[in-house]
Amino acid sequence: MDSHKFGQWDYTVFGVMVAVSVSIGIYHAIVGRHGKLEEYLLAGRSMTFFPVALSLIATFTSTITMLGVSAEAYSHGIMWIFSEIAFSVGQLLEMFLLLTLLKRLNISSPFEYLEGRFKSKALRLIATVASCVQNIFYLCIVLLGQGLALRAVTGISTTHSILVTSVAAVLYTAIGGLKAVIWTDVIQYVLMIIGVLTVTIKGTIDTGGIQKVCDAAADSGRLTFIYDFDPTIRHTVWNVGVARVFAGLGWLMKPAFLQRIASTKSPEHARRAMLLWLMCSVAFGSLTVCSGLVAYSYYDYKRCDPVASNQIDSSDQVLPFMIIDIFRNLPGMPGLFLAAVFGASLSSISSGLSALANITWEDFVKPNFAPMSEFRQIAVAKVAVVAWGVLVCCLAIFVSSIRSITILQIYFSASSIISGPTSSLFYLGALFPFVNTRSAIAALLVGLSFLTWLVVGASVSPGVRQTPPLPHAPTDHCPSFNISQPYTMTTLNSTNDNQKIFTGSGLDYFYSLSYTLYQCFGFLIVQVVGVALSLATGCNEAGVNPLYVRKYFWRSEPEEEHMMRFVRPPDSNTEEPSGLLDGQQAESSARS
């Protein structure tokens, strides 16, 4: 344990890299001009695809990916790699189905779409509040992840690290706006790539090469693929590799994601940004899976598992702990990796706060208050950043008390309650013109209620199926291990245990369904209930504005000519899409 400490050089490198990240944000805040709210929240809709793509990667490649995915591979094996593949399939489908529609509408808040499509402020409000809750929870888990990492290698308490990260993110987000956030994300993504590549390559070399890593992982069952159709098994090829396709749907409706897509200068740049983000995010997710396997193989080679020997609290801390171990003779490298973890958290927090500020303006303030001057609009947005930042910080400190499951499962289980039904709601409106407002509201409430029941029941029911981790590495060479409690391979047969038929019945079986199925359930429930109720209640007699429906479903006349009836002529001085008509004009045109 004495060797696992941050040195002076590590603190120096860590401090310098964090200062550089924050300074870039402050620089763009100073040189940027925020005379208009659109410049502050959407970077003037002038961004090219490359920085937007890197910003998307940095925003959604958080500590949940860096630490949670590596911990998943360390404890349960390679199965999560199928999730990355399935996610990419879902994203390609979404880009084909919705990207052009949303870019044509020229909106920055996804909930504007719901009100325009269903003509219901109540539905917009329900979805907005649900999304805010989901975003707050996501940011809390991100803060928790980096707090665990810093505590594992520096001894800094989780609470202090959460406070420092929150203050830094609020500082340059409130001052600099979206452009500062995007360019800071670019640097932080480079740090993340360097950090994970460094630990993976060095760990592989120290273990004895790629073959040694593969042998150790295979001998412990970490390269085993489970093809069982039992839905209560935590991870199988089917629930991770097929059902997780639904996790790739709805990302364009995430406020932080759509905000960046809206900041691009043209639909072509938006499409390129999505493609680059998709390729890089899948590659990075696969790399973090490999880093978890390398970490296990390294400690199997050393015969000193840090989790089994109680040197760390959970597998979420394995990667930062390993960094200190393998670079103990190379001062500064642990500091670089911790800067990467800190940067991943900082980029996600700043992007999330910027998106929440945009929601505050577009969905709460703008529709309900009298017109304001540009100065007051920007002031409202900045106050919103600070307010949301304080709330997220306080809740993250509270969530830091959770220790029962990994941060990856905490996030995907809880977020599925909202993300599945809400993302399905957008597809319901875009793909089925006959779905009416009442059916959409009912479908959303049914989906939210069902998943809340399932997730809460799975969390509190004592009879749910428990999935033990795969065997730990040996601990007989751990100098600080408590020899009064010798290590035993109590989970040696956990791979076979995962494939045993679960004998529970009734609600125990229902609550034991794999958490990877939650989002699939939420999505399909909203689709089925919404379509069925609409058909039973006379469909959409009031009609629908064609702008809000995917063009494939309108065949009565040439598409471009039909759509241009509802769009203002483009401004000759800009390449930007001109956006929509005033709401009353659009509705009048739709009726005619």
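## Burial and the disulfide

A residue counts as buried when its relative accessible area is under 20%. By that rule, Cys304 and Cys478 are both buried in this predicted model.

These two cysteines are joined by a disulfide, with an S to S distance of 2.1 Å. The structure holds 1 disulfide. Cys304 sits in the loop between helix 12 (267-302) and helix 13 (318-326), while Cys478 sits in the loop between helix 17 (437-460) and helix 18 (494-499), so the bond ties together parts that are 174 residues apart in sequence. The torsion about the S-S bond of Cys304 and Cys478 is about 120°, and the disulfide is therefore right-handed. Cys394, by contrast, is in no disulfide; its nearest cysteine sulfur belongs to Cys393 and is 5.5 Å away.

## Aromatic pairs

Across the whole structure, a search finds 22 aromatic pairs. One of them is formed by Phe111 and Phe426: the ring centres are 6.5 Å apart and the planes meet at 45°, so this pair is tilted. Phe111 belongs to helix 6 (residues 110-118) and Phe426 to helix 16 (residues 407-431), so that the pair links distant parts of the chain, 315 residues apart. Both Phe111 and Phe426 are buried.

Elsewhere, ring pairs link Phe87, Trp251, Phe257 and Trp277 into a cluster.

Technical notes
Residues are numbered from 1 along each chain as its sequence is written. This is a predicted model: local features need pLDDT of at least 70, side-chain atom pairs count only at pLDDT 80 or more; totals for chains, interfaces and linings use all residues. Side-chain values use heavy atoms; hydrogens and water are left out. A disulfide is a pair of cysteine sulfur atoms within 2.5 Å. Helices (H or I, at least four residues) and strands (E, at least two) are DSSP runs, numbered from the N terminus. Buried means under 20% relative accessible area, exposed over 50%, partly exposed in between (1.4 Å probe, protein chains only). Rings of Phe, Tyr and Trp (its six-membered ring) pair if their centres lie within 6.5 Å; planes under 30 degrees apart count as stacked, over 60 as edge-to-face and the rest as tilted.
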